[in-house]
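Hello,

Here is the structure we discussed handing over. My notes follow below it.

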Amino acid sequence: MLDAGLSFVAEQGLSLSLEHVQMEELIQAAGVSRTSSYRRWPTKSLFAADLLIRIAQATDLSGDVPGLPEALESIPSTLLARLGTPQGRRDATVEVLRIVMGTDFTAMLASTEWRAYIALRAAYIGVLDGELRTRVARALSETERRFTKRRSQTFHALAKLLGYRLRDPATTTWEQVSLTLNAVATGMLIHAYSDPAAVTETTERTAFGSTYPAKWSPATHAEAGVILSEWEPDPDIEWSPERITTLRARLTDATSTLNSILATQDA
């Protein structure tokens, strides 16, 4: 029954009251006994409570971003040709982050898992109470911990590839940057659910010290700003012709580069 409910919510989305979940339909979908189902959950509210816990436990905010390799491989060759200069590398770094953040936000906005996560977060704050609230909060915290850790590892690897490091590692960790980025993204998602144009419409501009004009949305600009406020070029890196050639090749073959980054992530 709970698995059937989980599948239903994955397809239809989640509302705080779960009023769209019908017990009889789930019993039929699960192929279980009607009598045993109602014996375990005499009321729909009791089933809904257990289903919320299962949803919270099963929610996996995946770091996979559909379409990202193709988007990165669209970086203009004119940018890749200028990787031999500090300004050229800054232009390429800003463009990479614009593409990553923009593609990522688009995927999050279309994701039913993210909608379920946002709805559960709202329920935790304003609707749920007692033991249910505690259990949902515990499950959501574990989901967030995993996502924050994976994302921090991704951006750490991306920074190393691009020749950047944390500006102040004595006071800031990669996971703290990831946590701040997640908070900004969540806020933008909440706004986008009711008014998507406000955070997704783009304006052409140069940003963050880049000389390359590109189309930035408010969401993309805010998220890239979180990253770049904490990154700085690594002065210990020697930009030899070999390193420049390697970076150009890895940005050109974005699929292999992203796969290698994801393969190093911890669970």
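Thr 172 counts as buried because its relative accessibility is 14%; buried means under 20% relative accessible area, exposed over 50%, and partly exposed in between (1.4 Å probe, protein chains only). Thr 172 sits in the loop between strand 1 (164-166) and helix 10 (174-194). Helices (H or I, at least four residues) and strands (E, at least two) are DSSP runs, numbered from the N terminus. Leaving aside residues up to four places away in sequence, Thr 172 touches Leu 166, Val 177 and Glu 230, where contact means heavy atoms within 4.5 Å.

This is a predicted model: local features need pLDDT of at least 70, side-chain atom pairs count only at pLDDT 80 or more, and totals for chains, interfaces and linings use all residues. Residues are numbered from 1 along each chain as its sequence is written, and side-chain values use heavy atoms, with hydrogens and water left out.

The protein chain has 14 helices and 4 strands, and buried residues make up 46% of its 267 residues.

On salt bridges (a side-chain nitrogen of Lys or Arg within 4 Å of a carboxyl oxygen of Asp or Glu), the whole structure holds 8:

- Arg 151 and Asp 104 pair at 2.1 Å, N to O. The pair links distant parts of the chain, with Arg 151 in helix 9 (residues 130-162) and Asp 104 in helix 7, 47 residues apart. Both are buried.
- Glu 142 and Arg 145 pair at 2.9 Å, N to O, and both lie in helix 9.
- Arg 165, Glu 232, Asp 234 and Asp 236 are linked in a network.

Regards
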